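Reader: Hi! Could you walk me through this one?
Author: Happy to, here it is.
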Amino acid sequence: MQKTATKKILDVKKVWKAVLAEMEVQLSETNYKTWLSRTVAKGLTDKEITIVFQNPHALATTDKLFKPMIKNSLKKITKNDYNLIFKVGNVKEEQEKDKPFGPLFDKKKTSKFTIEKLQRKSGLNVNYKLENYISGSANQLAFAIATSIAREPGSKYNPFFLYSGVGLGKTHLIHAIGNKVVEENPEKKVIYVTGENFTNELIESIRGKNKGGRSTDTFRKKYRQVDVLIIDDIQFIAKKDATQEEFFHTFNELYMNQKQIIIASDRPPEAFKDIEERITSRFKSGMLADIQTPDYELRTAILRSKRDDNNENVPNEVIDFIAEHVATNIREVEGAYLQVLAYVQSKKGRVLNIETAKEVLGNIVNEKRDRPLSLTTILKAVCKYYSTTQIDIKGRRRTKELVLPRQVAMYLMYDLTQTPYTSIGEFLGGRDHTTVMHGFDKIRKEVETSMNLRKDLMNIKQAM
Ligand code: ADP
Ligand code: MG
């Protein structure tokens with residue numbers, strides 16, 4: 001076989017890095033930092049290497065004091081004699097050119113602590129990350145768009161409108177975009193707000209103004225001067241005219257300035273009846289994506305990843321069992337998993353296996369309902385769980401012991417049967433539809449944060 005002269009191709013940056021490492025050891029810290037640390041190597045030919053200095057003074061000093069040392073070091077590393085060419089130039093700019101992919105990889109030296117502070121200030125939950133979001137066929141498109149936006153907010157997919165049923169990962173994903181933007185560009189201003197809080201803040205600001213304040217200006221400034229605006233559960237602004245008006249202008253202002261807008265909703269734009277057409281048509285104008293019900297593989301993957309993140313000792317077979325039997329949405333899958341975990345932890349000596357999981361998850365896993373749920377079935381289950389009576393729930397007394405079960409009943413009735421608020425109100429002793437709506441909303445919100453309540457609901461559902 002013919003031998004070709006394999007001349008080693010040297011990477012000038014790597015060579016210079018190695019030289020600098022040696023210099024750092026050989027010179028005093030001050031000398032190294034002052035004269036050599038801010039340099040960059042540019043050209044490397046057979047005979048010479050070009051080094052760029054930040055200023056003429058550094059160049060002259062190095063020339064005078066360290067040239068022989070550098071030459072020696074170069075020889076040692078490359079086995080070659082080089083002429084050193086010194087130049088003055090923009091070192092920072094040269095260094096920037098070396099970064100492979102622009103801003104996403106141009107990590108600022110901001111500490112994790114500062115980043116998290118900024119994320120919280122933006123209203124973001126720091127635990128919802130792109131890194132712990134598992135993608136599968138149900139959410140692939142949404143995830144790809146989210147990743148792209150996180151890299152370059154405002155450029156391609158604007159607005160981004162994400163919709164799906166509950167518990168499928170919208171909130172997680174849009175927080176994750178915000179968190180990534182802050183992490184990569186701490187100077188960018190990100191705001192996460194729910195449709196509900198947006199509305200409440202607006203109402204507060206109008207009230208402030210009527211008292212002589214200037215707070216609508218403050219409200220506008222806040223929302224119209226962001227780089228990324230994330231609004232979750234936009235459906236909440238339905239029927240709220242003033243909020244829609246304000247939102248419309250905020251949207252236009254941001255859009256015109258190529259600022260990123262991200263919206264999550266429980267339904268696609270065309271399904272809104274109580275949001276003005278001029279707004280829903282804007283939703284449609286950008287990138288739309290939905291998240292589908294996850295398949296078995298995705299459910300398993302998510303649970304396994306949660307388990308590993310939390311270092312929980314749960315065998316795969318138990319995870320697979322849960323994933324197989326809870327097929328509704330991720331929130332419920334997680335709830336079932338936690339329930340199993342809590343059960344085993346509370347009973348000393350119980351082994352965590354499929355049998356225990358079956359025991360805990362009971363009806364969820366082996367019953368398929370063949371007839372629709374009635375309001376009476378739900379009410380019975382609620383009463384049994386809270387040891388109270390139907391008469392009390394339907395009655396007028398408003399003690400704590402009754403208010404919670406009553407609101408839980410409202411929640412479950414609406415959630416599970418979609419019976420109109422008015423009819424649920426009538427059924428529950430002739431209550432007004434706004435009372436039912438309020439009860440439903442209250443529990444819906446609490447479920448997001450209270451693990452106990454989630455467990456209660458699961459137990460009640462099992463008993464139906
Ligand atoms: P939604 O806003 O659509 O109701 P959430 O974002 O609140 O849903 O998701 C419910 C739960 O499921 C959260 O704990 C979230 O972390 C988790 N989850 C949903 N999808 C995923 C996923 N693809 N990877 C990891 N966790 C997920
Ligand atoms: Mg959500």
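Author: A term to begin with: a polar contact is a pair of N or O atoms within 3.5 Å; within protein, one must be able to donate a hydrogen and the other to accept it, and residues adjacent in sequence count only if both atoms are side-chain atoms. This is a predicted model, where local features need pLDDT of at least 70 and side-chain atom pairs pLDDT 80 or more, while totals for chains, interfaces and linings use all residues. Residues are numbered from 1 along each chain as written, chains are lettered from A and ligands numbered from 1 in written order, and side-chain values use heavy atoms, without hydrogens and water.

Reader: Thanks! How far is an oxygen atom of ligand 1 from the side chain of Thr171?
Author: An N or O atom in that side chain is 2.7 Å from a ligand 1 oxygen. Glu334 also places a polar side-chain atom 2.9 Å from an oxygen of ligand 1, and a polar backbone atom of Gly169 is 2.9 Å from a ligand oxygen.

Reader: And how much of ligand 1 does the protein cover?
Author: It covers 93% of the 560 Å² of accessible area that ligand 1 has on its own (Shrake-Rupley method, 1.4 Å probe).

Reader: Which residues around ligand 1 come nearest?
Author: Of 19 residues around it (a heavy atom within 4 Å), Ile134, Gly167, Lys170, Thr171 and His172 come nearest.

Reader: Switching topic, what does Leu162 touch?
Author: Leaving out residues up to four places away in sequence, its contacts (heavy atoms within 4.5 Å) include Ala142, Lys170, Leu173 and Ile291.
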